Amino acid sequence: MEMTKRGVACVLLLVAVACAVIAPSRAQVSCSNVDSAMGPCAQYVTGQANAPSAECCNGVRSLNQAATSTQARRDTCECLRQIAARYSNLRDEAAQALPGQCGVSVGIPIGRNTDCSR
């Protein structure tokens with residue numbers, strides 16, 4: 001369960017980073033913050049739930065608001081990519097749908113192969 005939570009956190013972090021790409025800059029985001037915020041999304045991104053929980057969506061919105069500088073968005077993206085790469089049970093389509101499911105617009109595709117330098 002712990003590894004699934006981290007995997008989900010990675011995918012969700014990718015979503016959050018994508019969300020942050022459009023926002024103005026303010027704060028930095030650490031991988032531990034991303035893990036904490038995205039943990040509740042693990043069931044959704046691994047296919048164990050049909051929709052993200054309210055707690056998951058709160059985490060997505062929180063990360064979107066926190067990763068507001070270009071560097072914070074890049075750091076968040078890299079953290080998500082690293083976490084996602086460790087888990088084969090993550091559903092990329094669920095990760096891509098997550099921002100929309102939570103009412104957040106990110107403006108870029110979300111996935112394991114997202115280019116974090118852009």
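Mentor: Start with a cut-off: a residue is exposed when its relative accessible area is over 50%, buried when under 20%, and partly exposed in between. Keep in mind that this is a predicted model.

Trainee: Why is Asn 113 called exposed?
Mentor: Its relative accessibility is 74%. Exposed means over 50%, so Asn 113 counts as exposed. Asn 113 lies in the segment after α6, which spans 92-101.

Trainee: What makes Arg 118 exposed?
Mentor: Arg 118 has 74% relative accessibility. The cut-off is over 50%, so Arg 118 counts as exposed. Arg 118 is found in the segment after α6.

Trainee: Now the opposite label. Why is Thr 68 called buried?
Mentor: Thr 68 has a relative accessible area of 6%. Buried means under 20%, so Thr 68 is buried. Thr 68 is in the loop between α4 (54-66) and α5. Its C-alpha atom and that of Val 29 are separated by 8.9 Å, though the two residues are 39 apart along the chain.

Trainee: What makes Thr 46 buried?
Mentor: Its relative accessible area is 11%. The limit is under 20%, so Thr 46 is buried. Thr 46 lies in the loop between α3 and α4. From Thr 46 to Ser 88 is 9.3 Å, C-alpha to C-alpha, and 42 residues in sequence.

Trainee: What share of the residues in the protein is buried?
Mentor: Buried residues make up 49% of the 118 residues.

Trainee: How many helices and strands are there?
Mentor: There are 6 helices and 0 strands. From the N terminus on, the order is α-α-α-α-α-α.

Trainee: Which residues of α2 and α5 make the contact between them?
Mentor: From α2 come Cys 31, Val 34 and Asp 35, and from α5 come Thr 76, Cys 79, Leu 80 and Ile 83. They divide into 5 nonpolar, 1 polar and 1 charged. The axes of α2 (residues 31-38) and α5 (residues 70-85) come within 9 Å and cross at roughly 65°. The crossing is right-handed.

Trainee: What makes a group of residues a nonpolar core?
Mentor: They are buried residues of the nonpolar kinds in the definition, joined through side-chain atoms within 4.5 Å. The largest such core here has 24 residues. Val 34, Met 38, Cys 41, Val 60, Leu 63 and Leu 98 have the most contacts inside it.

Trainee: Which elements give two or more residues to this core?
Mentor: They are α2, α3 (42-45), α4, α5 and α6. The largest share, 5 residues, comes from α5.

Trainee: Why is the pair Arg 81 and Glu 78 called a salt bridge?
Mentor: Their side chains meet at 3.9 Å, N to O. The limit is within 4 Å, so the pair qualifies by definition. Both residues lie in helix α5, 3 residues apart, about one turn of the helix.

Trainee: Are Arg 81 and Glu 78 buried, exposed or partly exposed?
Mentor: Arg 81 is at 27% relative accessibility and counts as partly exposed. Glu 78, at 34%, is partly exposed too.

Trainee: How many salt bridges does a search of the whole structure find?
Mentor: The search finds 2. Arg 91 forms a salt bridge with Glu 93, with the closest N and O atoms 3.1 Å apart. The limit is within 4 Å, so this pair qualifies.

Trainee: Why can such side chains pair at all?
Mentor: Side chains of opposite charge can pair when their charged atoms come close.

Trainee: What makes Arg 91 and Glu 93 partly exposed?
Mentor: Arg 91 has a relative accessible area of 30%. Glu 93 has 47%. Over 50% would be exposed, so Glu 93 is partly exposed.

Technical notes:
Residues numbered from 1 in each chain as written. Predicted model: local features only at pLDDT ≥ 70, side-chain atom pairs only at ≥ 80, totals over all residues. Heavy atoms only, no water. Axes fitted to C-alpha atoms, helices over the stretch in contact; angles between N-to-C directions. Helix = DSSP H or I, 4+ residues; strand = E, 2+ residues; numbered from the N terminus. Left-handed = near helix turned anticlockwise from the far one by under 90°. Contact = heavy atoms within 4.5 Å. Nonpolar A, V, L, I, M, F, W, Y, C, P; charged D, E, K, R; others polar. Buried < 20%, exposed > 50% of the residue type's maximum accessible area, 1.4 Å probe, protein only.
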